[in-house]
Amino acid sequence: SLFWYKCKSSTSTDSYDIVTFNVRLLHHSSENDTTYDLRRRAVIDMIAKSKADVMCLQEVWLPDDIDAIVKATCKTFPEHHRISVPAPNASRAPCESGPLNAYLTCVATNCPPAASHVEAFVCGFQVCRAEWRALGQECINCNALNNHLGSASFALCQQPGFRTSSTHGLLILSRKGLSDKTEFTYNDNETVLTTRGYLSAMVEDIGRVFCTHLSTYLLGESLYFGPTQFSNYAEDQTYQANLLFSAAAEATAKLKSPYSVLIAGDMNHGPKIGDRILARFPSVYNLALAHGYADPYIGLSIEESAAQCTFCYESLNPLTAGYVNGNQTYEGVAIDRVYVPKKDLSRVIRTQRLYDSPVVFENQSVYLSDHYAVLLEYLTGVSYEELLNDWRSAFAEWKQKFEDFTNNKC
């Protein structure tokens, strides 16, 4: 045939979508129980309707919420990866009365009457740090998850079987097969405000995907609730990032072409972009780039980037009301992303911010989270350069056949 051309297999040039989304399944200061439950149902409905191939979710703290998402979305995402946790002990309370009473006594003795539970917590941490750390991780998790209940959370967390979390809040959902699943805690055996780590898995036809949520300040930069070996969150996050990218480098060394190692999540770091986007831990962002990764969402030129905030301040997202996260004259920060190896940057087709407006669910308008999601569409199998070279070779072959046909024409 004159116009014969043999393509590479279609599967080698397919693209796929990976989405990272901090769904914040935790009460906001602006929410009561009714609005939170509505938002939770809306989030689960959104995930079930997603067209993504892989989703990296953050802040799904409660095992019951993970179970609900996995069950509701199993037809869309038949594969999932979650941190392994021991079965809940219905006869054991998250908080032991002795350490908790010692902490509360210290707060009552040393802190003035507070206008809110958060103010009491901040003072308690500042003047009763030893007693706070002695509470243990499970007790701290319980009080953090139920902070919206105010001081009542202390009594409830002494009840056997009361809801708590021992997860990183991470969940990977996938349409494709998952194998070689791993999990890692950045600061194991340390009492911290929120446990951080990563999940990773080999994703069929794609490569290894890491899903993470790095630490950051929650109540202002001056308050540090992390491991005692560090003095601030910049040091803590630098440590976490080095562990993360070292693990990615080890995974890369084991992979055969054309598979990639992608890192998705709420990174809690990003650059300053003009007068719109405020920086957060930019040194850690630069560290990621130094490890050989690129950020398609921001782009190669920070100065020319049109990237939008992914954690946007109150004027753009009412669920961020009450947060102390920087100069409110900025739109917000761009801290959610999917890192791609620089050598594979040509495989990126597009990035897009998702779920950045309220949705109508059960006849009510609701924002899904205080974060917006980020989508990466990525070419599997071959890069654009490889695909272009393939077409060039095919054209040269076709041209030669055409010339041979012409020259041999009677």
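A disulfide here is a pair of cysteine sulfur atoms within 2.5 Å. This is a predicted model, and by that rule it has six disulfides. If the bonded cysteines of the protein are numbered in sequence order, the pairing reads 1-10, 2-7, 3-6, 4-5, 8-9, 11-12.

I will go through three of these links, then the cores.

Start with Cys56 and Cys211, whose sulfur atoms are 2.1 Å apart. This pair links distant parts of the chain, with Cys56 in strand 2, residues 54-58, and Cys211 in strand 7, residues 207-213. The separation is 155 residues. The torsion about the S-S bond of Cys56 and Cys211 is about 80°, so this disulfide is right-handed. Cys56 counts as buried at 1% relative accessibility, and Cys211 counts as buried at 0%.

Next, Cys95 and Cys139, with sulfur atoms 1.9 Å apart. Cys95 sits in the loop between strand 3 (79-82) and helix 3, while Cys139 is in helix 6, and 44 residues separate them. Their S-S torsion is about 95°, so this link is right-handed. Both ends are buried: Cys95 has a relative accessible area of 3%, and Cys139 has 1%.

Then there is Cys106 to Cys128, at 2.0 Å from S to S. Which hand does the link of Cys106 and Cys128 have? With -90° about the S-S bond, this link is left-handed. Cys106 lies in helix 3 and Cys128 in the loop between helix 4 and helix 5 (129-134), so the pair ties together parts that are 22 residues apart in sequence. Cys106 counts as buried at 10% relative accessibility, and Cys128 is buried at 0%.

For another cysteine, Cys74, the relative accessible area is 41%, which makes Cys74 partly exposed.

Now the packing. In soluble globular proteins, nonpolar side chains tend to be buried together. The largest nonpolar core in this model has 55 residues. Those that touch the most other members are Tyr103, Trp132, Phe210, Phe225, Phe245, Ile263 and Tyr339. Elements that each supply at least two residues include helix 3 (97-110), helix 6 (137-145) and strand 8 (260-266). Which helix gives the most to this core? That is helix 8, with seven residues.

Finally, a second, separate core has 27 residues, including Val19, Val43, Leu354 and Phe361.

Note on methods: Residues are numbered from 1 along each chain as its sequence is written. This is a predicted model: local features need pLDDT of at least 70, side-chain atom pairs count only at pLDDT 80 or more; totals for chains, interfaces and linings use all residues. Side-chain values use heavy atoms; hydrogens and water are left out. A nonpolar core is a set of buried Ala, Val, Leu, Ile, Met, Phe, Trp, Tyr and Cys residues joined through side-chain atoms within 4.5 Å. Buried means under 20% relative accessible area, exposed over 50%, partly exposed in between (1.4 Å probe, protein chains only). Helices (H or I, at least four residues) and strands (E, at least two) are DSSP runs, numbered from the N terminus.
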